[in-house]
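Student: Please take one residue of this chain and describe its surroundings closely. Start with the chain as a whole.

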Amino acid sequence: MEIERKFLVKKGDAYRRLSYADSHIRQGYIPADGATRRIRTRDEKAFLTIKSRSIDGGLSRYEFEKEITPEEADHLLRLCKGGVIDKRRYLVRSGDHTFEVDEFFGENAGLVLAEVELGNVSEPYVKPDFIGEEVTGDARFYNSHLLSNPFRLWKDTLPEAYR
(Lines give C-alpha, C1' and ligand atoms only; values in the text may rest on other atoms or scores of the structure.)
Protein backbone atom coordinates (compact mmCIF):
# COMPACT_ATOMS: atom_id res chain seq x y z
CA MET A 1 0.00 0.00 0.00
CA GLU A 2 1.36 3.39 -1.00
CA ILE A 3 0.43 6.36 1.19
CA GLU A 4 1.71 9.73 0.00
CA ARG A 5 0.97 13.43 0.17
CA LYS A 6 1.70 15.75 -2.76
CA PHE A 7 2.58 19.46 -2.67
CA LEU A 8 3.39 22.36 -4.95
CA VAL A 9 6.93 23.69 -4.57
CA LYS A 10 7.62 27.41 -4.21
CA LYS A 11 9.74 29.18 -6.83
CA GLY A 12 13.50 29.06 -6.39
CA ASP A 13 16.14 26.38 -6.18
CA ALA A 14 16.13 25.60 -2.44
CA TYR A 15 15.18 21.97 -3.14
CA ARG A 16 18.20 21.58 -5.45
CA ARG A 17 20.59 23.00 -2.86
CA LEU A 18 19.17 20.77 -0.12
CA SER A 19 19.04 17.57 -2.16
CA TYR A 20 21.41 14.67 -1.46
CA ALA A 21 20.71 12.89 -4.77
CA ASP A 22 18.98 13.41 -8.10
CA SER A 23 18.05 11.33 -11.13
CA HIS A 24 16.54 11.69 -14.59
CA ILE A 25 13.15 10.02 -15.06
CA ARG A 26 11.14 9.26 -18.18
CA GLN A 27 7.76 7.59 -17.80
CA GLY A 28 4.68 6.75 -19.77
CA TYR A 29 1.34 5.04 -19.22
CA ILE A 30 -0.28 2.07 -20.95
CA PRO A 31 -4.10 2.36 -20.94
CA ALA A 32 -5.91 0.16 -18.40
CA ASP A 33 -9.35 0.16 -16.78
CA GLY A 34 -9.30 0.51 -13.00
CA ALA A 35 -5.53 0.81 -12.64
CA THR A 36 -2.52 2.76 -13.82
CA ARG A 37 0.22 0.85 -15.69
CA ARG A 38 3.40 2.91 -15.70
CA ILE A 39 6.68 2.29 -17.47
CA ARG A 40 9.58 4.26 -15.98
CA THR A 41 13.26 4.64 -16.64
CA ARG A 42 15.31 6.18 -13.84
CA ASP A 43 18.88 6.79 -14.91
CA GLU A 44 20.15 3.29 -15.87
CA LYS A 45 17.26 1.27 -14.34
CA ALA A 46 13.71 0.58 -15.51
CA PHE A 47 10.46 -0.43 -13.81
CA LEU A 48 6.93 -1.60 -14.56
CA THR A 49 4.46 -0.30 -11.94
CA ILE A 50 0.76 -1.00 -11.53
CA LYS A 51 -1.26 1.23 -9.20
CA SER A 52 -4.90 0.80 -8.23
CA ARG A 53 -7.34 3.68 -8.05
CA SER A 54 -7.46 5.47 -4.73
CA ILE A 55 -10.52 5.17 -2.53
CA ASP A 56 -9.56 8.00 -0.15
CA GLY A 57 -9.07 11.08 -2.29
CA GLY A 58 -5.64 10.18 -3.66
CA LEU A 59 -3.92 9.61 -0.31
CA SER A 60 -3.38 5.84 -0.59
CA ARG A 61 -3.61 3.03 -3.11
CA TYR A 62 -2.21 -0.42 -3.84
CA GLU A 63 1.09 -0.42 -5.76
CA PHE A 64 3.01 -3.25 -7.44
CA GLU A 65 6.46 -2.59 -8.92
CA LYS A 66 8.89 -4.85 -10.77
CA GLU A 67 12.30 -4.01 -12.20
CA ILE A 68 12.59 -4.67 -15.94
CA THR A 69 15.49 -4.22 -18.35
CA PRO A 70 16.06 -0.83 -20.00
CA GLU A 71 15.49 -2.53 -23.36
CA GLU A 72 12.09 -3.84 -22.23
CA ALA A 73 11.22 -0.35 -20.99
CA ASP A 74 12.17 1.21 -24.34
CA HIS A 75 9.82 -1.20 -26.14
CA LEU A 76 6.98 -0.66 -23.65
CA LEU A 77 7.35 3.14 -23.74
CA ARG A 78 6.36 2.94 -27.43
CA LEU A 79 2.97 1.53 -26.32
CA CYS A 80 2.30 4.40 -23.95
CA LYS A 81 -0.66 6.66 -24.63
CA GLY A 82 0.00 10.38 -25.03
CA GLY A 83 3.78 10.38 -24.95
CA VAL A 84 6.27 10.41 -22.10
CA ILE A 85 6.76 12.53 -18.98
CA ASP A 86 10.30 13.88 -18.66
CA LYS A 87 11.52 15.12 -15.27
CA ARG A 88 14.41 15.33 -12.82
CA ARG A 89 13.82 14.04 -9.30
CA TYR A 90 15.63 15.47 -6.29
CA LEU A 91 15.68 13.73 -2.89
CA VAL A 92 15.53 15.99 0.17
CA ARG A 93 15.61 14.74 3.77
CA SER A 94 13.31 16.44 6.26
CA GLY A 95 12.99 15.01 9.75
CA ASP A 96 12.48 11.25 9.45
CA HIS A 97 11.23 11.46 5.85
CA THR A 98 12.55 12.00 2.36
CA PHE A 99 10.68 14.34 0.03
CA GLU A 100 10.86 13.50 -3.69
CA VAL A 101 10.85 16.75 -5.64
CA ASP A 102 10.06 16.50 -9.37
CA GLU A 103 11.08 19.27 -11.75
CA PHE A 104 9.23 18.76 -15.04
CA PHE A 105 10.45 19.48 -18.58
CA GLY A 106 8.88 19.78 -22.03
CA GLU A 107 5.15 20.58 -22.07
CA ASN A 108 5.17 20.59 -18.25
CA ALA A 109 8.19 22.88 -17.80
CA GLY A 110 7.81 25.21 -14.84
CA LEU A 111 5.92 22.70 -12.71
CA VAL A 112 7.70 21.48 -9.57
CA LEU A 113 5.95 19.02 -7.24
CA ALA A 114 7.03 17.28 -4.03
CA GLU A 115 5.76 14.03 -2.54
CA VAL A 116 6.36 12.38 0.81
CA GLU A 117 5.55 8.71 1.48
CA LEU A 118 4.08 7.87 4.86
CA GLY A 119 3.60 4.71 6.89
CA ASN A 120 -0.02 5.59 7.67
CA VAL A 121 -2.46 8.37 6.77
CA SER A 122 -2.02 10.25 10.05
CA GLU A 123 1.77 9.97 10.35
CA PRO A 124 3.35 13.34 11.21
CA TYR A 125 6.09 14.79 9.00
CA VAL A 126 8.20 17.94 8.84
CA LYS A 127 7.71 20.07 5.71
CA PRO A 128 10.78 21.84 4.33
CA ASP A 129 10.39 25.62 3.83
CA PHE A 130 10.15 25.27 0.04
CA ILE A 131 6.96 23.19 0.30
CA GLY A 132 3.76 25.04 -0.58
CA GLU A 133 0.10 24.20 -1.02
CA GLU A 134 -0.99 20.57 -0.70
CA VAL A 135 -2.46 19.08 -3.90
CA THR A 136 -2.96 15.45 -2.80
CA GLY A 137 -5.88 14.03 -4.79
CA ASP A 138 -5.99 16.90 -7.31
CA ALA A 139 -6.01 15.03 -10.64
CA ARG A 140 -4.40 17.95 -12.49
CA PHE A 141 -1.12 17.01 -10.80
CA TYR A 142 -1.17 13.28 -11.60
CA ASN A 143 1.64 12.45 -14.00
CA SER A 144 -0.77 10.47 -16.18
CA HIS A 145 -3.04 13.54 -16.41
CA LEU A 146 -0.14 15.84 -17.30
CA LEU A 147 0.30 13.92 -20.57
CA SER A 148 -3.16 14.82 -21.85
CA ASN A 149 -3.45 18.19 -20.12
CA PRO A 150 0.08 19.61 -19.82
CA PHE A 151 0.96 22.33 -17.34
CA ARG A 152 1.66 24.91 -20.07
CA LEU A 153 -2.11 24.98 -20.84
CA TRP A 154 -3.26 25.84 -17.31
CA LYS A 155 -0.26 27.18 -15.37
CA ASP A 156 -1.83 30.66 -15.20
CA THR A 157 -4.52 29.22 -12.91
CA LEU A 158 -1.92 28.83 -10.13
CA PRO A 159 -0.58 31.63 -7.93
CA GLU A 160 2.63 33.26 -9.22
CA ALA A 161 4.62 31.63 -6.37
CA TYR A 162 4.22 28.23 -8.09
CA ARG A 163 4.93 28.98 -11.76
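Tutor: The chain has 163 residues and a radius of gyration of 15 Å (over C-alpha atoms), which agrees with the value near 15 Å for a compact globule, the rule being 2.2 Å times the number of residues to the power 0.38. This is a predicted model, in which local features need pLDDT of at least 70 and side-chain atom pairs pLDDT 80 or more, while totals for chains, interfaces and linings use all residues. Residues are numbered from 1 along each chain as its sequence is written, and side-chain values use heavy atoms, without hydrogens and water.

Three helices and 10 strands form the secondary structure, as DSSP runs numbered from the N terminus (helices H or I, at least four residues; strands E, at least two). Their order is β-α-β-β-β-β-β-α-β-β-β-β-α. Of the contacts (heavy atoms within 4.5 Å) with a separation of 6 or more, 59% are between residues 24 or more positions apart.

His 97 counts as buried because its relative accessible area is 10%, where buried means under 20%, exposed over 50% and partly exposed in between, with a 1.4 Å probe and protein chains only. In the chain, 39% of the residues are buried.

Leaving out residues up to four places away in sequence, His 97 touches Val 92, Val 116, Glu 117, Leu 118, Glu 123, Pro 124 and Tyr 125. With Glu 123, His 97 also has a side-chain polar contact of 2.6 Å; such a contact is a pair of N or O atoms within 3.5 Å, and within protein one must be able to donate a hydrogen and the other to accept it, with residues adjacent in sequence counting only if both atoms are side-chain atoms.
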